[in-house]
Amino acid sequence: MATTLTRPTVTAAPHLLGTVDPSPAGPTGGDDTGLREAPAMDGPAGLHALRFSRRPMPFLFGGRRTLGPTFSFSIPGRARPFTVVTHPDHAKALFTAPPESVPSITADSPLRPICGESVLTANGKRHMRQRRLLLPPFHGEAIAKYAAGIEEMIHRELDTWTVGSSFPLAARMQAVTLDVIMAGIFGVEGEPAEGTTERKLRDATRRVLAFSETPAFALLEIRNVGLLEPRGIMKRILDAVDVHYFGIIRERRALPESARGTDVLSLLLSATDEDGQTLTDQEIRDELITLVLAGHETTANQLAWTFERLTRTPDVHATLKDLVRSDDPMAAAYVDATVSESMRVRPVISMVGRIVQEDWRFGDHVVRAGGPVAVGSVLIHHREDLYPQPFRFAPERFLKEDGTAVKPGTYTWLPFGGGTRRCLGAALALAEQRIVIKAIAERVDLEAPDLEPEREYHRNVTTIPRGGGRVVVTALR
């Protein structure tokens with residue numbers, strides 16, 4: 001039986017119709033007559049860093065509200081302020097520029113001491129080499145292979161839920177997404193057996209992730225900012241995890257190539273560089289830990305945000321459940337639209353940074369060579385001209401009139417970044433979210449313990465619900 005979809009008063013966004021107004025952006029070519037640097041936020045750099053690290057969304061929205069669509073703020077340790085741009089054309093100019101003209105700022109992010117020189121933190125030829133190596137396991141047929149495993153993992157998790165229980169959804173989703181990424185990276189199907197290197201690695205990763213949620217870990221991150229390698233307590237923590245990463249690398253390297261699988265680790269062990277040299281254990285470790293940490297926590301946190309929004313928008317939540325449970329032909333499209341809308345309104349990455357290597361124009365403003373530029377993804381996602389009533393959670397804005405899903409705009413929907421730095425695991429993350437959201441909507445009735453929206457909390461460069469997306473199970477099917 002088909003469900004009648006009641007549409008809110010949200011019209012198709014202009015970007016879907018191709019009517020975004022142009023705003024000049026790109027190298028000035030030395031002609032910057034009449035251009036000025038972006039207006040700066042008041043206050044010391046330390047205050048800016050504190051406000052952004054605690055609650056990035058109000059900080060960025062406040063900057064746009066008081067200073068306009070292009071503004072800047074300072075952080076300690078950087079001689080030049082961050083210029084934040086919020087126009088899709090500005091994002092397009094940066095994401096389509098030659099990578100050497102706008103290298104990523106992640107090379108000196110807080111993740112550098114943890115992840116080493118991996119695909120996330122490397123620039124230039126090294127980044128492109130690593131990206132080419134890692135693309136196959138995260139696209140096309142590989143994603144289809146993971147789907148059955150993801151479905152099995154989420155239903156196994158749902159079997160443990162009980163009516164009346166209350167918990168932060170982020171923690172439950174992390175258990176699922178960690179198993180998914182372990183399967184893709186290490187070829188581990190299901191629960192790793194007790195005593196195996198894979199089980200020890202997974203358990204050690206879980207312990208580090210639990211510690212990363214504490215204020216003490218945030219202090220350690222601050223102490224390691226700007227370093228190429230960890231030091232002090234952070235080093236000892238990572239050493240305790242690395243012993244398992246290097247252990248599994250040694251075990252797999254000892255196998256004949258014919259005995260290896262098609263997982264990421266096997267692929268990296270067989271890979272060679274331009275000179276025919278295999279990757280070192282350290283290079284492989286850097287890629288593995290990056291994929292494990294970045295590849296599961298972000299998806300888990302995004303799922304927590306989705307149900308934080310759904311449980312506080314009962315009409316949308318009811319529509320989703322009705323469509324999924326009635327096996328309505330529109331169900332798949334509505335799940336897709338829910339994913340798109342959740343990642344629009346609550347992206348776990350608020351902005352992405354580049355460093356321009358020559359003077360760049362952004363509308364009426366200029367950023368001098370060597371200056372950092374941040375594409376304010378969350379601000380672009382909340383432009384009234386792109387998304388009418390931008391603070392309203394309305395999946396229908398990503399549906400056509402015939403009920404089919406709308407593909408989000410390349411430069412107006414940026415939860416995965418863009419260009420050559422677009423998230424490698426985007427296809428896997430989207431597949432995970434679709435499967436998990438559908439399974440939960442099909443089997444569980446959830447409510448929020450408090451109808452007040454959860455504030456965001458900045459952790460490990462991602463934005464998560466402060467309460468972890470806490471839900472109450474009111475019924476099971």
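Me: What makes helix 17 largely enclosed by the rest of the structure?

Reply: In this predicted model, 14 of the 18 residues of helix 17 are buried. Buried means under 20% relative accessible area. Helix 17 is therefore described as largely enclosed by the rest of the structure.

Me: How do you know that the span of helix 17 agrees with what it should be?

Reply: The expected span is 1.5 Å times one less than the number of residues. For the 18 residues of helix 17 this gives 26 Å, and the end C-alpha atoms are 26 Å apart, so the two values agree.

Me: What makes a set of residues a nonpolar core, and how many residues has the largest one here?

Reply: The members must be buried residues of nonpolar kinds, joined through side-chain atoms within 4.5 Å. The largest nonpolar core has 107 residues. Those with the most contacts inside this core are Leu94, Trp161, Met173, Phe186, Leu288, Val375 and Ile440. Helix 17 gives the largest share of this core, eleven residues. Apart from this core lies another, of 16 residues, including Phe59 and Leu379. In soluble globular proteins, nonpolar side chains tend to be buried together.

Me: Which residues does Phe186 touch, not counting residues up to four places away in sequence?

Reply: Phe186 touches Leu201, Tyr245, Ile248, Arg252, Asp263, Leu265, Leu288 and Val292. Contact here means heavy atoms within 4.5 Å.

Me: Why is Asp327 called exposed?

Reply: Exposed means over 50% relative accessible area. Asp327 has 68% relative accessibility, and therefore counts as exposed. Asp327 is found in the loop between helix 14 and helix 15. Although Asp327 is not a glycine, its phi is positive, at about 55°.

Me: Why does Gln389 count as partly exposed?

Reply: Gln389 has 32% relative accessibility, so it counts as partly exposed. Gln389 lies in the loop between helix 16 and helix 17. Gln389 has a positive phi of about 50° although it is not a glycine.

Me: What makes a residue part of the lining of a pocket, and which residues lie nearest the centre of the second largest pocket?

Reply: A lining residue has an atom within 4 Å of a point of the pocket. The second largest pocket, with a volume of about 450 Å³, is lined by 24 residues. Lys407, Pro408, Trp413, Arg422 and Leu430 lie nearest its centre. Helix 15 and helix 17 are the elements that give two or more residues to this lining. The lining residues divide into 14 nonpolar, six polar and four charged.

Definitions and conventions:
Residues are numbered from 1 along each chain as its sequence is written. This is a predicted model: local features need pLDDT of at least 70, side-chain atom pairs count only at pLDDT 80 or more; totals for chains, interfaces and linings use all residues. Side-chain values use heavy atoms; hydrogens and water are left out. On a 1 Å grid over the protein atoms alone, a cavity is a set of points where a 1.4 Å probe fits but cannot get out, and a pocket is an open set with protein on both sides within 12 Å along at least five of seven lines; lining residues have an atom within 4 Å of a point. Grid points are joined across faces, edges and corners, and a volume is the space filled by probe spheres set on the points. Helices (H or I, at least four residues) and strands (E, at least two) are DSSP runs, numbered from the N terminus. Ala, Val, Leu, Ile, Met, Phe, Trp, Tyr, Cys and Pro count as nonpolar, Asp, Glu, Lys and Arg as charged, and the others, Gly among them, as polar. Buried means under 20% relative accessible area, exposed over 50%, partly exposed in between (1.4 Å probe, protein chains only).
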